[in-house]
Amino acid sequence: MAPQLSHEQLSAIANQFGTPVYVYSADTIAAQYNRLSHAFAKNDVVFFYACKALTNINVLRYVKSIGAGVDCSSINEVKLALHAGFQPVNVLYTSNGIDFSEIEEARNLGVNVNIDSLSNLQKFGEKFGHTYPVSLRLRPNILAGGNLKISTGHDRSKFGIPVEQLSELLSVVALHNIYIRGLHIHTGSEIKDVEVFVKGIEVLFEMIPSFTELEFIDLGGGFKVPYKEGDAETDIDLLAKKVSEAFADHPNPNGKPLQIWFEPGKYLVSSAGYFITRVNVLKHTAATTFASINSGFNHLIRPMFYDSYHRIENISNPSGALQKYSVVGNICETDTFAWDRELNEVREGDYLVFYNAGAYGFEMSSNFNSRFKPPEVLVIKGAPYLIREREDFKDLLRNQVDISAQIID
Ligand SMILES: *Cc1c(COP(=O)(O)O)cnc(C)c1O
């Protein structure tokens with residue numbers, strides 16, 4: 001189990017910075033990274049943190065300090081990573097469906113580029129030929145991941161170049177003599193079954209002989225983390241064993257050893273994050289007792305969007321009698337975080353903490369209902385640091401253009 005922040009630490013942070021607030025533990029991020037790197041110590045493996053999970057530049061810098069690279073999903077994430085101090089060689093841009101100009105920009109910034117369509121590959125080849133190495137995102141037609149919304153490798157998925165288009169792919173590569181340095185798959189999020197990765201590797205291995213300049217295979221991210229007690233998680237040690245066996249059985253035909261790349265997002269930051277809220281109102285009804293908190297899916301969308309489960313604790317009354325509450329938000333839309341969940345007796349004003357809030361929490365937040373986005377706090381060696389301020393009223397007006405002179409009443 002990775003190190004956890006205590007109730008006392010979390011309460012003190014809530015008192016100091018107010019609620020709602022996102023809190024991240026640097027120690028947990030490091031512990032998760034170390035679990036991965038120890039498991040794969042025998043292989044030539046590089047981890048690129050899939051930063052769309054959480055992009056605060058201080059988190060990026062911390063991830064850099066512990067030795068990981070960064071995987072980006074937009075050119076802006078690439079720029080944030082470079083801003084945070086990553087060297088371009090340690091930045092990977094895994095694009096999908098983007099305008100070619102972003103690929104050109106990424107190439108001009110000198111980062112690793114992963115191309116996911118024949119169309120963009122064609123444009124890349126016409127412009128750059130063999131002058132700049134790229135990798136290819138392939139679609140292995142494997143169904144994997146926690147649910148269809150987060151499943152990206154199946155045969156109806158928009159992601160990657162379908163493997164059945166290999167011959168068209170090879171003709172584009174040959175026509176422009178494109179320098180293909182890596183092959184990539186990312187089949188989804190919350191993949192608990194190690195066999196899925198093995199299947200993906202097998203698909204890739206069949207394709208390796210077609211690419212004579214390969215130097216790495218990128219197996220993506222999607223390791224599952226437990227959200228509640230008894231939840232399965234990806235067995236990282238078993239994965240490492242299977243992956244190294246598979247690679248030992250398939251030497252690179254071009255003689256170069258193949259480096260293995262991974263892109264963990266959730267695995268590094270999910271359990272490192274806590275979302276602390278406060279109970280505004282208790283409402284007793286025939287159906288349930290509602291505990292309405294000072295937040296909503298505008299701050300943490302995963303339960304409503306993915307039906308995901310987040311463990312919740314009442315850190316203000318940890319020894320109160322267990323009772324059932326439905327934890328709901330305060331925005332004008334059905335906004336249920338948990339239905340009939342057992343919690344220690346909840347009183348108005350108590351702090352409720354959501355666990356596993358580091359990945360896709362703040363990052364997917366919005367200003368729906370004209371609410372402010374919460375602040376973020378990073379705990380390093382036991383000390384909390386504010387790394388993003390709570391928004392205020394001027395943030396709601398920023399970028400709005402006032403044309404009141406045209407609107408005469
Ligand atoms: C989102 C994403 C990841 C990370 O997924 P997690 O489930 O957070 O590990 C990795 N690679 C790519 C290309 C992604 O889009």
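**Entry 1: a helix pair.** I started with helix α8 (residues 194-207) and helix α9 (residues 236-249), which pack at an angle of about 20° with their axes 10 Å apart. Angles under 35 degrees count as roughly parallel, so α8 is roughly parallel to α9. I also noted to myself that this is a predicted model.

Which way does α8 cross α9? I looked, and α8 passes α9 in a right-handed crossing.

Next I wanted to know who touches whom. On the α8 side I wrote down V194, E195, F197, V198, I201 and F205. On the α9 side they meet L238, L239, K242, V243, A246 and F247. Sorted by class, this contact of α8 with α9 has 10 nonpolar residues, two charged ones and no polar ones.

**Entry 2: a cis bond.** The peptide bond joining T19 and P20 is cis, with omega at about -5°. Where does P20 sit? I found P20 in the loop between α1 (7-17) and β1 (21-25).

Entry 3: I picked out N356, which is not a glycine and still has a positive phi of about 55°. N356 lies in the loop between β16 (351-354) and β17 (376-380). Is N356 buried or exposed? Its relative accessible area is 7%, and buried means under 20%, so N356 is buried.

K381 went on the list too: a positive phi of about 45°, and again not a glycine. Its place is in the loop between β17 and β18 (383-388). K381 has a relative accessible area of 77%, and the cut-off for exposed is over 50%, so K381 is exposed.

**Entry 4: zooming out.** Last, I looked at how the chain is divided up. The protein chain has domain 1 (40-265) and domain 2 (273-397). How many Å separate the centres of domain 1 and domain 2? Taken over C-alpha atoms, it's 33 Å. For the contact, I jotted down 15 residues from domain 1 and 15 residues from domain 2.

How values were computed: Residues numbered from 1 in each chain as written. Predicted model: local features only at pLDDT ≥ 70, side-chain atom pairs only at ≥ 80, totals over all residues. Heavy atoms only, no water. Axes fitted to C-alpha atoms, helices over the stretch in contact; angles between N-to-C directions. Helix = DSSP H or I, 4+ residues; strand = E, 2+ residues; numbered from the N terminus. Parallel < 35°, antiparallel > 145°, perpendicular 65-115°, else oblique. Left-handed = near helix turned anticlockwise from the far one by under 90°. Contact = heavy atoms within 4.5 Å. Nonpolar A, V, L, I, M, F, W, Y, C, P; charged D, E, K, R; others polar. Buried < 20%, exposed > 50% of the residue type's maximum accessible area, 1.4 Å probe, protein only. Domains from an automatic or database assignment.
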